[in-house]
Amino acid sequence: MAASMVKVAVAGIVGHFRHAVPTARRLSLSKPLAQVVPVPIWKLGRLNHIAIAVPDLEKAISLYRDVLGARVSDTVPLPEHGVYTVFVELGNTKLELLYPLGEKSPISGFLQKNKAGGMHHICIEVDDIKAAITDLKAKKIRTLSEEPRIGAHGKPVMFLHPKDCDGVLVELEEA
């Protein structure tokens, strides 16, 4: 008798929840559960640096080194890019101070438009720069040169056209 009372009680509880809890819908197997996302042939990495064009390199070095206490690299000329570069170490990234080198420096033109200097570009690492360039060109992103050049870190770099990147000059650097 006790066993039959337990069965009736359990049946009553189960019957109560059957009406109180909505049942799960069946999934249609005719539609995919998730979209198929193509596997990228290259990967975007970390922010390597933010470049700042400066009208007075020594003053900028002094600001970051002497006033703010940052570790600052030596000045390195990069004649193939028309700039002097100085890197300011920030722990999680770097600032690159850019100053014109030579008459055809792209930084000279930037400083003519921006007398006080300012942010010039951002640099993001990629694992395979050639694959990235091929893929981005197929997606109608213009580059500022046909082939990558060696950048300030001795690695291949490519600049993407700012009009295709929301007004930001983006430098890709192979990690």
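This is a predicted model: local features need pLDDT of at least 70, side-chain atom pairs count only at pLDDT 80 or more; totals for chains, interfaces and linings use all residues.
Residues are numbered from 1 along each chain as its sequence is written, and side-chain values use heavy atoms, with hydrogens and water left out.

Okay, strands. Helices (H or I, at least four residues) and strands (E, at least two) are DSSP runs, numbered from the N terminus. Let's look at β4, residues 83-89. Five of its seven residues are buried (under 20% relative accessible area, with a 1.4 Å probe and protein chains only), so β4 is largely enclosed by the rest of the structure.

Who are its partners? Two strands pair if DSSP finds at least two bridges between them. Strand β2 (residues 71-72) runs antiparallel to β4, with two bridges, and arginine 71 sits opposite glutamate 89. Strand β3 (residues 76-78) is also antiparallel to β4, over three bridges; there, proline 77 has tyrosine 84 as its bridge partner. Then β5 (residues 94-100) pairs with β4 over seven bridges, antiparallel again, and threonine 85 partners leucine 98.

Now the hairpins. The one made by β3 and β4 has four residues between the strands, and glycine 82 takes a positive phi near 70°. In the β4 and β5 hairpin, also with four residues between, glycine 91 has a positive phi near 95°.

On to pockets. On a 1 Å grid over the protein atoms alone, a pocket is an open set of points where a 1.4 Å probe fits, with protein on both sides within 12 Å along at least five of seven lines; lining residues have an atom within 4 Å of a point. The largest pocket holds about 520 Å³ of space, where volume means the space filled by probe spheres set on the points, joined across faces, edges and corners. Of its 29 lining residues, His81, Pro106, His120, Arg149 and Phe159 lie nearest the centre. Our friends β4 and β5 are among the elements giving two or more residues to that lining, but α3 gives the most, with five.

And the second largest pocket? That one has about 170 Å³ of space, and its lining includes Ile52, Lys59 and Tyr64.

Terms used: Buried means under 20% relative accessible area, exposed over 50%, partly exposed in between (1.4 Å probe, protein chains only).
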